[in-house]
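My notes follow in the order in which I checked things.

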Amino acid sequence: SDKAHIIAYEKAFKMYGLPKVPDKKLKKMFGRLGKYIVHELFPKLSWKKINEIMEENHRVIIEESKRVIKPFPGVKTALRKLHKRYKLAVVSNGRHSEIETILKTSGIGVKLFDVIIGNDEVKHAKPYPDEIFKAEKILHLKASYMVGDTPYDIKAGKKARIKTIAVLTGNHTRNMLEKEKPDYIIKSVKDLPKILK
């Protein structure tokens with residue numbers, strides 16, 4: 001969904017008369033809450049203005065930029081296999097409605113997941129473990145693994161005291177992920193069924 005998020009940020013920044021931010025710079029910031037990304041890029045903006053920018057960003061993802069979303073090769077098949085053996089949850093620093101839009105547009109769909117938790121459903125988003133704890137509460141289960149492609153995912157998993165699996169398909173390097181000491185590092189989610197055997 002990188003391209004969709006880049007388009008959404010670009011359109012929101014343009015609407016509010018802000019300069020274009022290089023794609024590479026934006027990508028390195030992905031994984032954090034959007035309002036903190038905007039604050040870091042434009043520290044002089046008020047939080048009120050930042051929240052307005054994020055509303056426009058959200059609108060663009062839901063209505064316009066979703067058309068460019070594509071799943072990584074092999075991910076749908078892997079998730080189908082995992083769904084037969086495990087309860088699956090999506091915990092994301094995106095809003096719940098964005099997560100559902102991204103899943104539906106990618107062809108993965110929401111039915112492969114037993115619960116979806118967005119940042120708008122918890123007090124603190126990742127790197128805090130609130131999203132994991134909420135998923136556990138809804139499912140009446142203790143999570144076994146946190147799988148993610150950002151340092152914030154691994155930090156949240158560690159704080160929730162569960163095993164962590166870093167995936168190299170994101171915008172953070174192996175070195176950045178290794179600093180968080182995940183239990184495993186894999187190339188793609190498609191490798192998960194083998195690892196979990």
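**Entry 1: the cores.** I began with the largest nonpolar core, which has 17 residues, and those with the most contacts inside it are L79, L103, I108, F113 and L192. By nonpolar core I mean a set of buried Ala, Val, Leu, Ile, Met, Phe, Trp, Tyr and Cys residues joined through side-chain atoms within 4.5 Å; buried means under 20% relative accessible area, exposed over 50%, and partly exposed in between, with a 1.4 Å probe and protein chains only. The model is predicted, so I note that local features need pLDDT of at least 70 and side-chain atom pairs count only at pLDDT 80 or more, while totals for chains, interfaces and linings use all residues. Residues are numbered from 1 along each chain as its sequence is written, and side-chain values use heavy atoms, with hydrogens and water left out.

Which elements each supply at least two residues of this core? I found α5 (75-85), α6 (96-106), β4 and α10 (192-196), and α5 gives the most, with three residues. These names follow DSSP runs numbered from the N terminus, helices being H or I of at least four residues and strands E of at least two. I then noted a second, separate core of 16 residues, which includes I6, F13, L18 and I37. In soluble globular proteins, nonpolar side chains tend to be buried together.

Entry 2: In α5 I listed V75, A78, L79 and L82 as buried. Seen down the axis of α5, these buried residues fall within an arc of 95°, so they line one face of the helix; the arc is that of the directions from the helix axis to the C-beta atoms. Part of what covers the buried residues of α5 is α10. Leaving aside neighbours within four places in sequence, L79 is in contact (heavy atoms within 4.5 Å) with L88, I108, L112, F113 and V189.

In α6 the buried residues are E98, I99, T101, I102, L103 and S106, and what covers them includes α1 (2-15), α4 (47-63), α5, β1 (89-91) and β2 (115-117). After α6 comes G107, whose phi is positive, near 85°.

**Entry 3: the sheet.** Next I traced an open sheet of three strands in the order β3-β4-β5, with parallel pairing, where two strands pair if DSSP finds at least two bridges between them. The edge strands, each pairing on one side only, are β3 (145-148) and β5 (184-186). Neighbouring strands of this sheet are turned by 20° against each other on average, direction ignored.

How many bridges join β3 to β4? I counted four to β4 (residues 163-167), and the two strands run parallel; in this pairing V147 has I165 as its bridge partner, and G148 has A166. Between β4 and β5, which also run parallel, there are three bridges, and V167 stands opposite I186 in β5.

**Entry 4: helix α8.** The chain crosses from β3 through α8 to β4, and this β-α-β crossover is right-handed, which is the name used if, with the strands pointing away from the viewer, the path from the first strand over the helix to the second runs clockwise. Helix α8 (residues 151-159) lies across β3 and β4, running at about 175° to β4; axes are lines fitted to C-alpha atoms, for helices over the stretch in contact, and angles run from 0 to 180 degrees between N-to-C directions.

Apart from its neighbours within four places in sequence, A156 is in contact with K126, P127, Y128, P129 and I132.

**Entry 5: L41.** Last, I looked up L41, which is found in helix α3 (residues 34-41) and is buried, with a relative accessible area of 15%. Again leaving aside neighbours within four places in sequence, L41 is in contact with F13, V21, K25, L26 and M29.
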